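Here are my notes for your first look at this model.

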Amino acid sequence: MRSALHAEWTKIRTLSGPRWLLLGTIAATVALSAAITSVMTCAAPGCGHDPTKLSLTGAQLGQAPVVVLAVLVISSEYDSGLIRTTLTATPRRATVLAAKSLALTGVVAAAGTVAVLGSLLAGRLILSGHGFTAAHGHPALSLADGPTLRATAGSVLYLVLVALLSLGIATVVRDAAAGIGTILGLLYLVPILSPVIGDPHWRRLLAQIGPMSAGLAVQATTDLDSLPITPWAGLGVLATWTGAALLAGALLLRLRDA
């Protein structure tokens, strides 16, 4: 495992693509969060907004470069034929996937932490000038606040789980374009379809089982009783999707020829 992990870390560290994608994750996350918070206002007490969730909205866009990075971690090796060399050097295929998962987790967790904290800082600086003040029931965002800390840590964990979900699906489909398309569709399709579904029961059910809609429930800090699913349970749904994808990827990696 140590040599396999070193090999995967070397691949990620020495290629320029992963570096740019990780920087893209940070830039996209912070930029969207800053854009969203800059147009929101709270003119009176009880304005009904969740400042923490608004500040972390950028994760919805920042996950896209994470998906591309995770898919390329394995699909690029299939495209170039390097996967044969990888599997020759490390015949235990489960070890290969585990090493890729650990290396990917490390870099995404690091970039995700910078992105999420940057978004939270942007929200703290911007929202205070738009009426989100203690006088209106919205004190400045702080990690000392339990719900805000949970939403922040959960957002980083969300990005990590999305990366591992993408790795699992990419291992199944092998092709980069198909993998990226499948994962982005899986993530964004439910939020797009939900508003056009008239039946509240089905709309709520879709929000509970969709990996993105359920996973991002962890960002909510107010009106938790109105959520389709509780914050940690939502993240658990995403973790279930991720575990199933990695298990399917591991089985097919073991059974199929390179």
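The points below go from the whole protein to single residues.

1. Before you start, note that this is a predicted model, in which local features need pLDDT of at least 70 and side-chain atom pairs count only at pLDDT 80 or more, while totals for chains, interfaces and linings use all residues. Residues are numbered from 1 along each chain as its sequence is written, and side-chain values use heavy atoms, with hydrogens and water left out.

2. Which kinds of element will you find? The protein has eleven helices and zero strands. Helices (H or I, at least four residues) and strands (E, at least two) are DSSP runs, numbered from the N terminus.

3. Now for the overall form. The C-alpha trace spans about 65 × 40 × 25 Å along its principal axes.

4. How much of the protein is buried? Buried residues make up 45% of the 258 residues. Here, buried means under 20% relative accessible area, exposed over 50%, and partly exposed in between (1.4 Å probe, protein chains only).

5. Contact means heavy atoms within 4.5 Å. Of the contacts with a separation of 6 or more, 78% are between residues 24 or more positions apart.

6. Look inside next. A nonpolar core is a set of buried Ala, Val, Leu, Ile, Met, Phe, Trp, Tyr and Cys residues joined through side-chain atoms within 4.5 Å. The largest one has 49 residues, and Leu69, Leu104, Val108, Tyr158 and Leu187 touch the most other members. Among the elements that give two or more residues to this core are H2 (16-38), H4 (59-80), H6 (93-127) and H7 (146-173). Which helix gives the most to this core? H7 does, with 13 residues. Apart from it lies another core, of five residues, including Met40, Cys42, Leu54 and Phe132.

7. Leaving aside its neighbours within four places in sequence, Tyr158 is in contact with Gln63, Leu187, Pro211, Met212, Gly215, Leu216, Leu235 and Leu238.

8. Thr152 lies in helix H7 and counts as buried, at 5% relative accessibility. Beyond its neighbours within four places in sequence, the contacts of Thr152 are Leu56, Val116, Leu117, Leu120 and Leu143. Thr113 is 39 residues from Thr152 in sequence, yet their C-alpha atoms are 8.5 Å apart.

9. Once neighbours within four places in sequence are set aside, Ala207 touches Val190, Ser213, Ala214 and Pro228.

10. Finally, check two backbone angles. Most residues other than glycine have a negative phi. Arg174 has a positive phi of about 70 degrees although it is not a glycine; Arg174 sits in the loop between H7 and H8 and is partly exposed, at 22% relative accessible area. Asp223 also has a positive phi, near 50 degrees. Asp223 belongs to the loop between helix H10 (211-215) and H11, and with a relative accessible area of 54% it is exposed.
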